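Hi everyone, thanks for coming. I'd like to walk you through one model today, so please have a look at it first.

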Amino acid sequence: MPEHTAKPRPHWSPTRRQLLRVGAVGAAALGVSSLGESAAWAQAGPAGGPVREPFTLGVASGDPMPDGVVLWTRLAPEPLAEDGLGGMPDRPVPVQWEVSKDESFRQVVARGTELARPEEAHSVHAEVSGLQSGAVYFYRFRAGSELSPVGRTKTAPGPGARLDRFAFALASCQNYPAGFYTAYAHMAEENLDLVAFVGDYIYNGDGQGTIGRGWLPVREVKTLADYRVRLGQVKSDPDLKAAHSAFPWVVTFDDHEVANNWAGDDADPDVPVSEFLARRAAAFQAYYEHMPLRRAQRPVGPDVQIYRRLTFGDLIDLYVLDTRSYRSDQVPQAQRYDPSRTILGDVQESWLSQALAGPTARWNVLAQQVFFSQRDFTAGPDQGFNDDSWDDYAVARDRLRDHLATVGTSNPIVLSGDVHMNYVCDIKADFNDPDSRTVATELVGTSISSEGDGKANPVGDAKQMAENPHIKFINRDRGYVRSVVTPTEWTADFRTVDYVSRPGAPVGTRASFVIEDGRPGARSVQPPPG
């Protein structure tokens, strides 16, 4: 069992934590006159009246650059309204935003106004620039006389700037009916620079679970209204809102934001391609409306370029990937070595290969969705693999792995989610030869809540590790991975909670691993206290 200790002291004062969670009424006490008044606000609401309590989904920031960040909110007094419109009028509403060096907003450094438009569910994506690199800021929004909660964000260090420490959390798979998001409450108290979310922000099915958090609408989601309601339900969770307001996030989707195990333009052989693409367009539209994404990631119909690169000083290059939109369909195991099969698509793979060939930062991180390393589930000489992972695209996987070795990419790390389990893997030059060279390291994060309370399987996990000696660690609890990166080493702490079937679980560090600069592969170390 992980060691549990008293709740750690936040890295900023309790007063600041309270500010991040304050509602519009509490925010009014911060001295809000700088946001001003205008006649336009008075006409914001239905029938010319004001919009009341529009910030039910909180605030968020994302994709930090050295000079700025994107700020997000959505006006939705009724986020679960069946029509997906959030209880808003059918007209644009001006929303003011401002950014300050301090949480009391006495040192405002930037402000502006965005139009929250009905065709984008009255979401706001304010791309703020002109800020200081590597700096902490506070931000908030205003619609009429209503103030949003206060968020905290941080810009990226300048290009090539020496960076001695960078800390971030890896998260994925937050099935709302399956468990409470307690892990996020603990994550919000961490000393982090970033959160990387690698997929399954919602689930598309109709499961109701057993803990009183059943999905809305009570059906598999397929329409724009349905996806908006589903995302609104998830984003109403207070623990998730706390984590979003505490740090900037970098997000990508996996399958369940659209449909289970979708691949390219196909999700079901019995569904016409045109019908699925209409569904994908609706899903992407709603996803953009609810994420702190830049306009470069705004979808065009069923297409979106979610893959991108973010740089954090001289320390980290983060390559955010899309393993869904361009992949070949899943096939039986006998066809997994077909060289024409792709999981990234030609254009994305070429972009990634060129970027990894340099120049790069010291640590090169691939934030992506599905299990990368070989994972053989069949004991003995026969082999059995999961057909939704990189194992089903073996030639493409091996080509990327070999490219990392050939061009000498500095300290490659692969981050994955999807499987609702924690793993640490050495990425081998030949997965069938345990003595072959270790090329890179894979860290797989468990789910926030998917599959409910963790269920230990020591016998099965031992067999899996014996069959796959490059797998160094397996754990089935819920939680997230905290990584602290320095120029000399990467420390990954697997932070887990004991249960998610009810609120209030403590958090502990189940295991810790260190990757040394210039030495691919992870070694187990004693977890830190707390």
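Let's start with helix H9, residues 394-407: at 1.5 Å a residue, its 14 residues should span 20 Å, and its end C-alpha atoms are 20 Å apart, which agrees. The expected span here is 1.5 Å times one less than the number of residues. Helices (H or I, at least four residues) and strands (E, at least two) are DSSP runs, numbered from the N terminus.

Before going on, a word on the source: this is a predicted model, where local features need pLDDT of at least 70 and side-chain atom pairs count only at pLDDT 80 or more, while totals for chains, interfaces and linings use all residues. Residues are numbered from 1 along each chain as its sequence is written, and side-chain values use heavy atoms, with hydrogens and water left out.

Back to H9. Which of its residues are buried? They are Ala394, Ala396, Arg397, Asp398, Leu400, Arg401 and Leu404, where buried means under 20% relative accessible area, exposed over 50%, and partly exposed in between, with a 1.4 Å probe and protein chains only. The cover over these buried residues includes helix H8 (346-356) and strands S15 (363-367), S16 (412-416), S17 (422-428) and S18 (438-444). Just after H9, Gly408 has a positive phi of about 70°.

Now, how far can we trust the coordinates? pLDDT is the predictor's confidence in each residue, from 0 to 100. The chain has a mean pLDDT of 92, with 91% of its residues at 70 or more. Residues 1-33 stay under 50, and the model gives them 66 contacts beyond four places in sequence, a contact being heavy atoms within 4.5 Å. Residues 37-47 are also below 50 in pLDDT, with 26 contacts beyond near neighbours in sequence. Where pLDDT is low, the predicted coordinates should not be read in detail.

Next, a helix pair. The axes of H5 (residues 224-235) and H7 (residues 273-290) come within 8 Å and cross at roughly 35°. For the record, axes are lines fitted to C-alpha atoms, for helices over the stretch in contact, and angles run from 0 to 180 degrees between N-to-C directions. On the H5 side, the residues that meet H7 include Leu224, Tyr227, Arg228 and Leu231; their partners in H7 include Arg279, Ala282, Ala283 and Tyr287.

What about disulfides? A search of the whole structure finds zero, counting a disulfide as a pair of cysteine sulfur atoms within 2.5 Å. The sulfur of Cys173 has its closest cysteine sulfur in Cys425, 16 Å away, too far for a bond. Cys173 is buried at a relative accessible area of 1%, and Cys425 is buried at 0%.

A few backbone details to finish. The peptide bond from Leu216 to Pro217 is cis, with omega near -10°, and Pro217 sits in the loop between strand S11 (194-197) and H5. That loop also holds Asp200, a residue other than glycine with a positive phi near 65°; Asp200 counts as buried because its relative accessibility is 1%. A cis peptide bond also runs from Gly358 to Pro359, with omega near 0°, and Pro359 is in the loop between H8 and S15. His122, in the loop between S5 (108-116) and S6 (123-128), has a positive phi near 55° and counts as buried at 2% relative accessibility.
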